Amino acid sequence: MKVLASVGMASLFVSLAVSPAWSQNSDMVQTGSDIPAKWQKPETDYDYVKREMMIPMRDGVKLHTIIVVPKGAHNLPMLLERTPYDANFFTPTDSPHLKDAVWAANREFVDDGYIFVYQDIRGKYGSQGDYVMTRPPMGPLNPTRTDDTTDAWDTVDGLSKNVPESNQRIGMIGSSYDGWTVTMALLGPHAALKVAAPESPMIDGWMGDDWFHYGAFRQVNLDYFTGQSSKTGKGEPVPRWGADDYQNFLDAGSAGNLADKNGFQQLGFWKRLSAHPAYDAFWQGQALDKMVAAHPSTIPTMWLQGLWDQEDMYGAIHTWEALKGKGMAANNYLVMGPWYHSQVNGAAANLGPLKWKGDTAADFRRTVLVPFFDTYLKDRKPAEPTPQVLIYNPAENHWDRFSDWPGATEQHLTPIYLQGDGGLDFREAAAGEDRYVSDPDKPVPFMEVPLRFDAAPRWSTWLVQDQRFVSTRTDVLSYQTSLLTEPVLVEGAPFADIFARTTGTDADFVVKIIDVYPPRVAEQPEMGGYQLPVSMDIFRGRYRKSFAEPNAIPAGEVQEYRFRLPTMNYVFKPGHRIMVQIQSSLFPLYDRNPQKYVPNIFFAQPQDYQKATISIERGSSGASGVLLPVVPATTAIQ
């Protein structure tokens, strides 16, 4: 029966195959591929045209470029962003409406009438050539005949000649790495480049932007290195074996050990970075604030960053200060908003628990940024002149406009001293010291554990996290004023000035300036007693005398650790307290200092990590404190 059934079924298939009904209906028969040779998407109802082209560079390499042109455009300026993060990112939605098709940061420009250009930098995503992380300018660190200055020039040249709907004027914008590409373009700008806005640009990766802060390595970048340089497109982060990055990185030991176990010897940038832990010629030779100041452009440039930028706090203000020092203040503008990293490009009605008056980012783009670009790309003056300096005052919840902003060396600094019994005062302290034991096996976390670097909301806002989660640790010293009866206004960059002894031969020092809220806040009860960090940073002790030439700390001898902290425009209000916290780790964001001097901390061995007793000196033996840029009354333009 089974054999007969099989034969019968076979006969049925044969009859179906030759059935006249099937053979006479060609639309029922598959021939060739279901995929057309070239798909043409109907775009009749679209209000823009999207083009892709490969723009040739001077060495023959072609860069993938997306050009988005409003339909019917005539004589419009172009807004250019060069990126290592995929040019397709900036048109994430296939919508017939341009305002919905582009990413949030460009929507105000859509309303104003712009052509948008997004380009993959050399060696990334759709572009040809070799990728080099933040490729240094041509010279000792880059022996080739191209860099991101020449690539920007060639791109602007090609766009100005090949986009007929444009007015041949171009503005550049971009945040983080994209801000770095804007800054590189300014080192040798094309004549068609008329205005620029580097947002949170990567300027000096050792001093205070992505890679290090004063020599302490930012371990979050290990994921960035594999994601950015393990393949032409987007690579994968370092694998995790547990849910808590605090424990993951603690178990890994040194950053170098973690890197070696995960194949980082294949990554050129990691090999260069890990071989240069000090601020030597490798880092000095690519510090863009110094290069831009040495070769200043006359292009109107707006330098932007967030007051709580958790990734690139250093670059914008230091470059602006360097240009100001070279007499180039007239065409350079400074903006510091109440934002985390790149929040200027999204929504910003709040930063964690801090609530602002409206969407500070969208309002800024609409009322300041777009009019600034219009001034030079459309010959259209803004309703109000662009202020030279625009900085948000978070405590009073408003923007302050300034004609100038004090530099780090020219402002008057007022010491506020650490006192006995955890006090903090503008009067000098009696002699004494406070001690804590810094244990590398139990480092102080930078945010509450368990933690993950890839947890976006927490990572973005960790700089405003309530510091009460560490204030009771025995390895964190907290000093605070009595209740303030008068406001204390600070405008500028404070400095940590710590005198300390250690039983080890190396040490890190973390200093935080904190606004302690009253025990009760009626309008926002969750802020009662909140310890809001306003300015903080970390300093690696081996660099106390020279960033380029580290040396061991003499055990048991008082040493001074003086370093600049992030800029403030802040009012400590009556009823609040000013607090200063000191500790010796901020883990796992920054790698652990073994507290025994070793030539290269990246490759410290397990036996190198040792406990150390840190003694913070007060009074005559060392007037430890913070130097605050206190002003008697605001210099803001009312």
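**Ground rules.** I call two residues in contact when they have heavy atoms within 4.5 Å. I am working from a predicted model, where local features need pLDDT of at least 70, side-chain atom pairs count only at pLDDT 80 or more, and totals for chains, interfaces and linings use all residues. Numbering runs from 1 along each chain as its sequence is written, and side-chain values use heavy atoms, with hydrogens and water left out.

**Entry 1, Asp244.** I looked up where Asp244 sits, and found it in the loop between helix H7 (221–229) and helix H8 (245–252). Helices (H or I, at least four residues) and strands (E, at least two) are DSSP runs, numbered from the N terminus. Which residues does Asp244 contact, leaving aside its neighbours within four places in sequence? I noted Val449, Pro450 and Leu451. I also checked Phe453: its C-alpha is 9.3 Å from that of Asp244, although the two are 209 residues apart in sequence. Is Asp244 buried or exposed? Asp244 is buried, because its relative accessible area is 18%; my cut-offs are under 20% for buried, over 50% for exposed and partly exposed in between, with a 1.4 Å probe and protein chains only.

Rolling a probe the size of a water molecule over the atoms shows where empty space is left. My search used a 1 Å grid over the protein atoms alone: a pocket is an open set of points with protein on both sides within 12 Å along at least five of seven lines, whereas a cavity is a set where a 1.4 Å probe fits but cannot get out; lining residues have an atom within 4 Å of a point. Grid points are joined across faces, edges and corners, and a volume is the space filled by probe spheres set on the points.

The largest pocket came out at about 1300 Å³. It is lined by 37 residues, and Tyr85, Tyr224, Lys234, Glu311 and Trp459 are the closest to its centre. H7 and helix H15 (456–461) each give at least two lining residues, and H7 has the largest share with 5. By class I get 15 nonpolar, 11 polar and 11 charged, where Ala, Val, Leu, Ile, Met, Phe, Trp, Tyr, Cys and Pro count as nonpolar, Asp, Glu, Lys and Arg as charged, and the others, Gly among them, as polar.

Of its 22 lining residues, Ala395, Tyr517, Glu523, Gln524 and Lys573 are the closest to the centre. Strand E12 (354–355) and strand E24 (568–572) each supply at least two. The lining has 13 nonpolar, 3 polar and 6 charged residues.

How many salt bridges does the structure hold? I have 32, with a salt bridge taken as a side-chain nitrogen of Lys or Arg within 4 Å of a carboxyl oxygen of Asp or Glu.

Asp404 and Lys324 pair at 2.9 Å, N to O. They link distant parts of the chain, 80 residues apart: Asp404 is in the loop between strand E14 (398–402) and strand E15 (414–418), and Lys324 is in helix H13 (residues 315–325). Lys324 counts as buried because its relative accessibility is 19%, while Asp404, at 37%, is partly exposed.

Asp454 and Arg452 meet at 3.3 Å, N to O. Asp454 is exposed at 57%, and Arg452 is partly exposed at 23%.
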